[in-house]
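Please open the model in a viewer and keep the selection panel at hand. The tour below goes from one selection to the next.

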Amino acid sequence: MSACELDEDRHKFVLLAKRMRDPHEGVTIKDRTFNFRFYRMCFVGEEAVDWFLREALAKDREEAVLLGKQLLEFDLIHHVADRHIFKDEYLYYRFREDDSVNDKVKYVGPSVASLQSSCGIGHSGWVLKKGLIFWNKRYMILKTDELQLYYYNTDLDSTPRAIIDLSEPSTILKEVEGVKKGYYSFQISNSTESFLFAVERSKEHDAWMDAFISAGVPLTEAPKDSEIEASTSIFDFSALDVRGNNVNLSDYRGKVCIILNVASK
């Protein structure tokens, strides 16, 4: 079932959330503390499970947990620190409606959950993103109807770490060899910057490429062997710098260049 077909189900869970927030018959929502930290207007996961059973909304605790997970997936609730999915444990959760003004300013969104339950998702999943020095694990979502690429620290985050605008001229390299050994890499470039990503499986790499192409993002193939053989000097090539930006070696024409092989397959 696509996200766009979930509107009716989401409406049911919106009504469920409203029922849970009822000050007289809903779950207990109050300010709490844990490890000397203060958490406002939250409820406990295992108490919500008790409430689902008491209200005959689930036949057992396992089914009740599924209800909680759906509330989280529809972005109606979230863990107070965005570190856990819904669990039948003594963990604090908060309704989005009960987030403070400061939280709403801090977590400008969109959250992973809100995107995943919306229309126009081309693909999503875990990737490695190249930083200045290290590769960092990120959760990435391609929103095809907006031509926006969101990436997050985790798949539970309330706000993206960054948003890449794909509506301006961009180039996707289907495979950038030698970037990360044992991984399948691709690069996204626009007029101002470049981003390098890597995935462990070729199937996942192809899924990302298909999603980008379906969204209308231009695809540029890596040079073919015949093109490489026809080159007469190093100045016919380009390379990636440490930040992942494409650099034309012709920029170094007339200067002393040292070519060093630092990694081999």
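Start by selecting Trp51, which is buried, with a relative accessible area of 0%. The model is a predicted one. Trp51 and Phe52 form an aromatic pair with 5.8 Å from centre to centre and 65 degrees between the planes, an edge-to-face arrangement.

Now widen the view to the other rings. The whole structure holds 13 aromatic pairs. For one of them, select Phe34 and Tyr92: the ring centres are 6.4 Å apart and the planes stand at 80 degrees, so this pair is edge-to-face. Colour strand 1 (residues 30-34), which contains Phe34, and strand 4 (residues 92-95), which contains Tyr92; the pair therefore ties together parts that are 58 residues apart in sequence. Is Tyr92 buried or exposed? Tyr92 has 6% relative accessibility, and because buried means under 20%, Tyr92 counts as buried. Phe34, at 44% relative accessibility, is partly exposed.

Next, select helix 6, residues 202-214. Helix 6 has 13 residues, and from its first C-alpha to its last it reaches 18 Å, close to the 18 Å expected at 1.5 Å a residue. Show the side chains of His205, Trp208, Met209, Ala211 and Phe212, the buried residues of this helix. Turn the view to look down the axis of helix 6: the buried residues fall within an arc of 160 degrees, so they line one face of the helix. Step just past the helix to Gly216, where phi is positive, at about 90 degrees.

Two lysines come next. Select Lys137 and Trp126: the charged end of Lys137 sits over the ring of Trp126, 4.7 Å from the ring centre. Then select Lys180 and Tyr183, where Lys180 lies over the face of Tyr183 at 5.1 Å from the ring centre.

Finish with cysteines. Cys42 has 0% relative accessibility and counts as buried, whereas Cys257 is partly exposed, with a relative accessible area of 35%. How many disulfides does a search of the whole structure find? The search finds 0.

Key: Residues are numbered from 1 along each chain as its sequence is written. This is a predicted model: local features need pLDDT of at least 70, side-chain atom pairs count only at pLDDT 80 or more; totals for chains, interfaces and linings use all residues. Side-chain values use heavy atoms; hydrogens and water are left out. A disulfide is a pair of cysteine sulfur atoms within 2.5 Å. Buried means under 20% relative accessible area, exposed over 50%, partly exposed in between (1.4 Å probe, protein chains only). Helices (H or I, at least four residues) and strands (E, at least two) are DSSP runs, numbered from the N terminus. The expected span of a helix is 1.5 Å times one less than its number of residues. The arc is that of the directions from the helix axis to the C-beta atoms. Rings of Phe, Tyr and Trp (its six-membered ring) pair if their centres lie within 6.5 Å; planes under 30 degrees apart count as stacked, over 60 as edge-to-face and the rest as tilted. A charge sits over a ring if NZ of Lys or CZ of Arg is within 6 Å of the ring centre and within 35 degrees of the ring normal.
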